[in-house]
Amino acid sequence: MSTFTLPCSNPAVAVNLTSNLSQEQLLAFPAFQNWVATLQHSISTQQNQHHTFHAAPYKLRKIDIQSADFFGGKRLGFLKLQAEVSNDKGEKLPGSVFLRGGSVGMMLILQPDDVPVQTEDEKQVILTVQPRIPAGSLALAELPAGMLDDAGTFAGGAAKEIAEETELEIPAEDLINMTELAIPAAPLKSDEQLQQAMYPSPGGCDEFIPIFLWQKRVPRSQLKEWQGKLTGLREHGEKITLMLCPLNQLWKLGGRDGKALAGWALYQGLRQEGKI
């Protein structure tokens, strides 16, 4: 195990590494970079005399890396660490952190094209059904999750399944970032600079998920065909499949999925304010 001092840290922050992780690998990990930058900026906001912690500000003093998981044996994917954040009175803030970085959630809505425009009638949401071992599930229904590629197009396993099953492609120009519409960027540099996204488990994990909306009107015959095909039932050995869920039932059928509940709430709130 080796130790180094976190660059540009004041006070100096000692970082203790695991045997399978180098300083270069850690500092190049985007999730670690983002977490450190965000935390250090939030800590700096205590300089404001009106800040709750101004009289006894907290400081990041030490980081102990506890484990590092690599994808494919090479790419750093997950990191577990313990951060010591305390003030000069010896008071500490909880610092157990699981770093994995951000992803995106997609609320994909289909509607028959013979329904009047600007109505909510007969809207269907695409859900994925797949194993989620951390939740102890082999068949969790959820909004599709993935990433945006360099062109801003939805990518990942769920996107591939949607393209294979429906031949639908989801280009960047058709996406609406609902979290960005709902959560304005911090107006001042002195404010905390968190992501314009939903944090599903901020008590233990850095993961942030912006929720995007994509709506498409399709021929009724096509939607009916998909309704018969996309039932969530999987063939033997199939790991991921799709199902269509009535929009007005999303809060129930997707109720175990934080992305689905966030998407539902954002969609309803933005519609009420006339933003979508």
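**Pockets and backbone features of a predicted model**

In this predicted model, α2 (30-44), β4 (75-86), β8, β9, β10 (145-148), α3 (157-166) and α7 (258-272) each supply at least two residues of the lining of the largest pocket.

Trainee: Which element supplies the largest share of the lining of the largest pocket?

Mentor: The largest pocket holds about 1,400 Å³ of space. Of the 39 residues that line the largest pocket, F78, R100, S103, R132 and E207 are the closest to its centre. The largest share of this lining, 4 residues, comes from β4.

Trainee: Which element gives the most to the lining of the second largest pocket?

Mentor: About 770 Å³ of space lies in the second largest pocket. Its lining has 27 residues, and W35, L39, S42, L194 and P202 lie nearest the centre. At least two lining residues come from each of α2, β4 and β6 (96-99). With 6 residues, the element that gives the most is α2.

Trainee: Is E142 buried or exposed?

Mentor: E142 belongs to strand β9 (residues 137-142). Among the residues that E142 touches are L127, T128, Q130 and D257. Buried means under 20% relative accessible area. The relative accessible area of E142 is 2%, so E142 is buried.

Trainee: With the side chain of which residue does the side chain of E142 make a polar contact?

Mentor: R132 and K259 are included in the residues that E142 touches, not counting residues up to four places away in sequence. The polar contact of the E142 side chain, at 2.8 Å, is with the side chain of R132.

Trainee: Is E122 buried, exposed or partly exposed?

Mentor: E122 lies in the loop between β7 (104-112) and β8 (124-132). Phi of E122 is near 60°, a positive value in a residue other than glycine. Its relative accessible area is 42%, and therefore E122 is partly exposed.

Trainee: What is the relative accessible area of C8?

Mentor: C8 is placed in the loop between β1 and β2, and its phi, near 60°, is positive although C8 is not glycine. Most residues other than glycine have a negative phi. C8 is exposed, with a relative accessible area of 87%.

Trainee: Is the peptide bond from N10 to P11 cis or trans?

Mentor: P11 lies in the loop between β1 (3-5) and β2 (14-16). Most peptide bonds are trans. Omega of the bond from N10 to P11 is near 5°, and this bond is cis.

Notes. Residues are numbered from 1 along each chain as its sequence is written. This is a predicted model: local features need pLDDT of at least 70, side-chain atom pairs count only at pLDDT 80 or more; totals for chains, interfaces and linings use all residues. Side-chain values use heavy atoms; hydrogens and water are left out. Buried means under 20% relative accessible area, exposed over 50%, partly exposed in between (1.4 Å probe, protein chains only). A polar contact is a pair of N or O atoms within 3.5 Å; within protein, one must be able to donate a hydrogen and the other to accept it, and residues adjacent in sequence count only if both atoms are side-chain atoms. Contact means heavy atoms within 4.5 Å. On a 1 Å grid over the protein atoms alone, a cavity is a set of points where a 1.4 Å probe fits but cannot get out, and a pocket is an open set with protein on both sides within 12 Å along at least five of seven lines; lining residues have an atom within 4 Å of a point. Grid points are joined across faces, edges and corners, and a volume is the space filled by probe spheres set on the points.
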